[in-house]
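Some notes follow for a colleague who is opening this entry for the first time.

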Amino acid sequence: MLRVAVPNKGILSEAATDMLSEAGYSTRRGSKTLVHRDETNGVEFFYLRPRDIAVYVGSGILDAGITGRDLLLESQAPAEEVVGLGFGSSRFFYAGEAGRFSSVDELAGLRIATSFPHLVQSDLKARGIEATTVQLDGAIEVSIQLGVADAVADVVETGSTLRAAGLETFGEPLLDSEAVLVQRDGADSSVEVLRRRLESVMVARQYVLVDYNIEERLVPEAIALTPGLESPTVSPLQETGWVAVRVMVEAKDVNNVMDRLYAVGARAILVTSIGACRI
C-alpha cells in the first residue's frame with residue numbers, strides 16, 4: 001500500500017485535501033484524524049506537520065508527500081520533487097526597515113532572522129556574502145524592533161504583515177515556492193499513478209471543453225483560434241458542409257475565444273467544465 005504524507009494544518013492542508021479528493025482518493029473526515037486508509041485506491045494517508053513531511057519521505061519511511069518547496073529545501077532531506085501542484089504559491093524575500101536596504105550585498109556582516117536558516121545560508125553562500133542567521137520559529141517581523149536582527153528573510157504572500165511592521169522587501173526573491181509532490185528515492189510506480197492523478201486535476205481546473213458547429217470551409221480559421229492540447233475533434237454533422245468541433249480551451253480565455261469563434265462563423269458554442277482527465 002502506498003504511504004503518502006499530507007499537511008495536517010496550515011495553508012497547504014485544505015488545498016491538498018481538496019486536490020486529493022478531486023483526484024479520486026478518499027480523505028479524512030475530521031481534522032483530528034492522523035491516519036486514513038483508502039482501501040479502494042491502495043493508499044494510506046498520514047497527516048503530518050508540513051515542515052516534517054520531507055524528512056519522513058526522504059528517510060524512506062513514507063513513499064511520497066505534499067509539502068512546500070521551501071520546506072523541502074530547508075529540510076535538506078534526500079526527497080525528490082516530482083511536480084509542482086499549482087497552489088500555496090509564495091515568494092521568499094529579504095526584508096528590512098523601509099528605506100534602509102537597496103541591495104542584498106548590504107547584508108554582509110549583519111544578522112538575519114529567519115525560520116529557514118539553511119535556505120538563507122545557501123543563498124548567501126551562492127552570493128558570496130557572509131552574514132549571521134538567527135533562527136526563529138515565528139513573529140520574524142518584530143525581531144528587528146526587538147534588536148535581535150538587522151534584517152529578516154521570510155515567505156511573502158501579500159506583504160501586508162511586513163508593511164504593518166514597517167518593513168519592505170529588497171533584492172530578487174531567494175525562491176519561488178508552491179506546494180509540491182515529493183517522493184523518496186527508489187519509489188515505485190504507485191507514485192507515478194498519484195502524480196498523473198494530481199496533474200489531471202490541475203489540467204481539469206485550468207481548461208474547459210468547448211463544442212461548436214461551423215461550416216467545414218471555415219474550420220482552418222476556427223482551429224487557428226482553438227488548436228487544443230494536441231488537436232481538436234472534428235465530426236461531420238447531418239447538414240452537408242457543416243461539422244462539430246470539440247476542443248480544450250484555457251478557462252481564463254474562454255469568453256474571448258467564444259467571441260472570436262462567433263466572429264468567424266461558429267454557432268451553438270457550448271462550454272463544459274472538466275471533472276477529470278488524463279493527458
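1. Domain 1 and domain 2 bury about 710 Å² between them, with 54% of it on carbon and sulfur atoms. Buried area is the accessible area (1.4 Å probe) that two parts lose on being put together, summed over both.

2. This is a predicted model, in which local features need pLDDT of at least 70 and side-chain atom pairs count only at pLDDT 80 or more, while totals for chains, interfaces and linings use all residues. Residues are numbered from 1 along each chain as its sequence is written, and side-chain values use heavy atoms, with hydrogens and water left out.

3. Three domains divide the chain: domain 1 (1-84 + 179-186), domain 2 (88-172) and domain 3 (204-271). These bounds come from an automatic or database domain assignment.

4. Taken over C-alpha atoms, the centres of domain 1 and domain 2 are 28 Å apart. Nine residues from domain 1 and eight residues from domain 2 make the contact (heavy atoms within 4.5 Å).

5. What kind of pairing does the rule find across the interface of domain 1 and domain 2? Four residue pairs are in polar contact, both residues at pLDDT 80 or more. A polar contact is a pair of N or O atoms within 3.5 Å; one must be able to donate a hydrogen and the other to accept it, and residues adjacent in sequence count only if both atoms are side-chain atoms.

6. On the side of domain 1 that touches domain 2, α1 (11-22) and α3 (69-75) each supply at least two residues. The most comes from α3, with four residues. Helices here are DSSP runs (H or I, at least four residues), numbered from the N terminus.
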